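Q: I have a chain open here and would like to go through it step by step. Could you help me read it?

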Amino acid sequence: MQSRYPLLKKWTAEDHERLRALAEAGWRPDEIAGELDRSEAAVRVRAWQHGIALRLVTQKRRP
């Protein structure tokens, strides 16, 4: 059966462990996304679903 979402990239156990390790090392969600070749939203959702705490990022406002 063909997937309804052909562009979705499945999370492997290795991807999941890499996400956990990078989050514990203090990487920002955007950095993790680049490392795993995923969107920042995908990283945030996966972390939230599995109780992985991500580093809070606050952007400085431009004057």
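Q: Where is Ala53 placed in the chain?
A: This is a predicted model. In it, Ala53 lies in the segment after helix 3.

Q: And is Ala53 buried or exposed?
A: Ala53 is exposed, because its relative accessible area is 63% and the cut-off for exposed is over 50%.

Q: How far is Ala53 from Arg20, in sequence and in space?
A: In sequence, Ala53 and Arg20 are 33 residues apart. In space, their C-alpha atoms are 8.6 Å apart.

Q: Let me step back to the whole chain. How many helices and strands are there?
A: The chain has three helices and zero strands. Read from the N terminus, the order of elements is α-α-α.

Q: What share of the residues is buried?
A: Of the 63 residues in the chain, 24% count as buried.

Q: What part of the contacts comes from residues 24 or more positions apart?
A: Such pairs account for 55% of the contacts in the chain that have a separation of 6 or more.

Q: Now to the helices. How are two packed helices described in general?
A: One gives the angle between their axes and the distance between the axes.

Q: So what are the values for helix 2 and helix 3?
A: The axes of helix 2, residues 29-36, and helix 3, residues 40-49, come within 8 Å and cross at roughly 105°. Helix 2 is therefore roughly perpendicular to helix 3.

Q: Which residues make that contact?
A: Helix 2 contributes Pro29, Asp30, Ile32 and Ala33, while helix 3 contributes Glu40, Val43 and Arg44. By class, the contact has four nonpolar, no polar and three charged residues.

Q: Staying with helix 2, which of its residues are buried?
A: The buried residues of helix 2 are Pro29, Ile32, Ala33 and Leu36. They cover an arc of only 100° around the axis, so they are on the same side of helix 2.

Q: What covers the buried residues of helix 2?
A: The cover includes helix 1, residues 13-24, and helix 3.

Q: One last point: what follows helix 2?
A: Helix 2 is followed by Asp37, which has a positive phi, near 60°.

Note on methods
Residues are numbered from 1 along each chain as its sequence is written. This is a predicted model: local features need pLDDT of at least 70, side-chain atom pairs count only at pLDDT 80 or more; totals for chains, interfaces and linings use all residues. Side-chain values use heavy atoms; hydrogens and water are left out. Helices (H or I, at least four residues) and strands (E, at least two) are DSSP runs, numbered from the N terminus. Buried means under 20% relative accessible area, exposed over 50%, partly exposed in between (1.4 Å probe, protein chains only). Contact means heavy atoms within 4.5 Å. Axes are lines fitted to C-alpha atoms, for helices over the stretch in contact, and angles run from 0 to 180 degrees between N-to-C directions. Angles under 35 degrees count as roughly parallel, over 145 as roughly antiparallel, 65 to 115 as roughly perpendicular and the rest as oblique. Ala, Val, Leu, Ile, Met, Phe, Trp, Tyr, Cys and Pro count as nonpolar, Asp, Glu, Lys and Arg as charged, and the others, Gly among them, as polar. The arc is that of the directions from the helix axis to the C-beta atoms.
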